[in-house]
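Hi,

Here is the structure I promised to pass on. Please open it alongside this email, and my notes on what turned up follow below.

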Amino acid sequence: MPIVWLIIVGAAAGFLATRLMKMDTGIVPTIAIGIGGALIGGLIIRFLLAVTGLLAGLVGAVLGAILLIWVYKTYLR
């Protein structure tokens, strides 16, 4: 995934994931969470479903970001 798409998908995924998990963060942590989620979730979705594309990347990114938020809330607080 090109860097520009990674940032765009990461920003969207971070926004959706932080809203779904009722987490209040600034714009930079939101994008960072989304990009981390895109890296984790995008790989998982591709390996599990063998699909590619922006929609699969976004779904994977949101799921990955939710996973990161869950780990943060559960273990790092």
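Helices here are DSSP runs of H or I with at least four residues, strands are runs of E with at least two, and both are numbered from the N terminus. Before the details, please note that this is a predicted model, in which local features need pLDDT of at least 70 and side-chain atom pairs count only at pLDDT 80 or more, while totals for chains, interfaces and linings use all residues. Residues are numbered from 1 along each chain as its sequence is written, and side-chain values use heavy atoms, with hydrogens and water left out.

**Overall picture**

The accessible surface of the chain is about 4,900 Å², and 78% of that belongs to carbon and sulfur atoms. Areas come from the Shrake-Rupley method with a 1.4 Å probe, and for residues only the protein chains shown count as cover. Of the 77 residues in the chain, 32% are buried. Buried means under 20% relative accessible area, exposed means over 50%, and partly exposed is in between (1.4 Å probe, protein chains only). Taking contacts (heavy atoms within 4.5 Å) between residues at least 6 apart in sequence, 66% join residues at least 24 apart.

**The cores**

Which residues make up the largest nonpolar core? They are Leu-6, Val-9, Ala-13, Ala-38, Ala-61 and Val-62, 6 residues in all. Two elements, α1 (3-20) and α3 (54-75), each give two or more residues to this core, and α1 gives the most, with 3. There is also a second, separate core of 5 residues, including Ala-17, Met-23, Ala-65 and Ile-69. For the record, a nonpolar core is a set of buried Ala, Val, Leu, Ile, Met, Phe, Trp, Tyr and Cys residues joined through side-chain atoms within 4.5 Å. As background, nonpolar side chains in soluble globular proteins tend to be buried together.

Thr-30 sits in α2 (residues 27-49) and counts as buried because its relative accessibility is 7%. Leaving aside neighbours within four places in sequence, Thr-30 is in contact with Gly-10, Gly-14, Phe-15, Thr-18 and Thr-25.

Ile-33 and Phe-15 are 18 residues apart along the chain, and their C-alpha atoms are separated by 8.9 Å.

Ile-40, another residue of α2, is partly exposed, with a relative accessible area of 31%. Apart from neighbours within four places in sequence, Ile-40 is in contact with Leu-67 and Leu-68. The C-alpha atoms of Ile-40 and Leu-67 lie 9.2 Å apart, across 27 residues of chain.

**The surface patch**

Ile-40 also belongs to a nonpolar surface patch with Leu-67, Leu-68, Trp-70, Val-71, Tyr-72, Tyr-75 and Leu-76, which together have about 740 Å² of accessible area. Patch members need over 30% relative accessible area and no salt bridge; like charges are joined within 9 Å, and nonpolar side chains (Val, Leu, Ile, Met, Phe, Trp, Tyr) within 5 Å. A salt bridge is a side-chain nitrogen of Lys or Arg within 4 Å of a carboxyl oxygen of Asp or Glu. The largest share of the patch, 6 residues, comes from α3. Leu-68 is in that helix and is partly exposed, at 31% relative accessibility.

The count of aromatic pairs comes to 1: Trp-70 and Tyr-75 are edge-to-face, 5.9 Å centre to centre with 90° between the planes. Rings of Phe, Tyr and Trp (its six-membered ring) pair if their centres lie within 6.5 Å; planes under 30 degrees apart are stacked, over 60 edge-to-face, and the rest tilted. Trp-70 is partly exposed at 43% relative accessibility, whereas Tyr-75 is exposed at 58%.

**The loop between α1 and α2**

Lys-22 lies in this loop and has a positive phi of about 55° although it is not a glycine. Lys-22 is exposed, at 74% relative accessibility. Lys-73, in α3, touches Met-21, Lys-22 and Met-23, not counting residues up to four places away in sequence. Lys-73 itself is partly exposed, at 33%. From Lys-73 to Met-23 the C-alpha distance is 9.5 Å, with the two 50 residues apart in sequence.

Best wishes
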